Amino acid sequence: MATIPVLVPPLPREKPWKRDVTNAAALQWLSAGWKDFKINPGASLGYGLLVYLVSVATTVGLFVFGWDYILFPAFAGFMVMGPILGIGLYEKSKRISEGQPVSLLNMMLVKPKSGGQVLFAGALLVMLTLLWMRAAVIIYALFFGVRPFPGLDHIVAMLLTTGTGYAMLLIGSAVGGLFSAFAFAVSAFSMPMLLDQRVDALTAMGRSMALVWHNLPVMLTWAAIMLVLIVLSLATGLLGMIVVFPVLGHATWHSYRTMCAENPA
């Protein structure tokens, strides 16, 4: 007579992307970024000033060419492009951790270990930004029709005093949330990884997404901190970016070092 085999508890599942990191780690990354900022602060301030000037030039250009209708999507796109713009800040933090000299020239003339893969990753992020902007324009057209943009002084009233405006805000926020979540996931660690390792862009983005997905609590906390600081910078007419952007860039390097300490193949 056949006997039923004894049940054996399942073997524990390996979780190569899970990190034992608490939400408090996000504040520790920010603190570490501030410490790196204070080491040769002139280099970080110079880098932040360059980012500020590029941001102002882009904003002015949108008004000059009559593209002010994509101003808000452009600000959102800045957060998509932020990780690639911060590669010089990762280089400074990397040099500090290795005890190497730091200068603005070193930060501008970065030689990533992945070589041209950084450019490929940047091109992918640019395409994502353009797609996001096009989606914003299409959503506007779906709700308000094919008519000229009324200008920033009228659009707020259109959005907040009409049912159509509320509906557009709801749908637009949902679509924008999907874009921003995807952009954050693929870029959170991929840019520092491309600087620090010989890896292709798609692999780096895939690893970044896996790390974000399997460590959602701390990564959502980190994303919220970055969003608050960037919004505060926008409220200062972008002047706050001169300090905020370098600090966030340095902190991003420390988040990468924490989360990628054990790098699965």
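Among contacts in the chain between residues at least 6 apart in sequence, what percentage join residues at least 24 apart? The figure is 76%, with contact meaning heavy atoms within 4.5 Å. Keep in mind that this is a predicted model, where local features need pLDDT of at least 70, side-chain atom pairs count only at pLDDT 80 or more, and totals for chains, interfaces and linings use all residues. Residues are numbered from 1 along each chain as its sequence is written, and side-chain values use heavy atoms, with hydrogens and water left out.

Now for the overall picture. The chain has 12 helices and zero strands; helices (H or I, at least four residues) and strands (E, at least two) are DSSP runs, numbered from the N terminus. The C-alpha trace spans about 80 × 65 × 35 Å along its principal axes. Of the 265 residues, 45% are buried, that is, under 20% relative accessible area with a 1.4 Å probe, protein chains only.

The unreviewed UniProt entry lists residues 45-64, 70-90, 118-146, 166-195 and 216-249 under "transmembrane region"; such annotations may be inferred rather than shown by experiment. Take two of these stretches. Residues 166-195 are 93% helix, and their end C-alpha atoms sit 43 Å apart. Residues 216-249 are 85% helix, with end C-alpha atoms 20 Å apart.

Next, how do the helices pack? Two packed helices are described by the angle between their axes and the distance between the axes. Helix H11 (residues 216-235) packs against H12 at about 170°, with axes 10 Å apart; axes are lines fitted to C-alpha atoms over the stretch in contact, and angles run from 0 to 180 degrees between N-to-C directions. H11 is therefore roughly antiparallel to H12, a label for angles over 145 degrees. Among the residues making this contact are Trp222 and Met226 of H11 and Leu248 and Thr252 of H12.

Helix H1 (residues 24-38) also packs on H12, at about 120° with axes 7 Å apart. Contributors include Trp34 and Phe37 of H1 and His250 and His254 of H12.

Finally, look at Thr252, found in helix H12 (residues 241-259). Is Thr252 buried or exposed? Thr252 counts as buried because its relative accessible area is 9%. Leaving aside residues up to four places away in sequence, Thr252 touches Tyr90, Ala188, Pro192 and Trp222.

Conventions
Buried means under 20% relative accessible area, exposed over 50%, partly exposed in between (1.4 Å probe, protein chains only). Angles under 35 degrees count as roughly parallel, over 145 as roughly antiparallel, 65 to 115 as roughly perpendicular and the rest as oblique.
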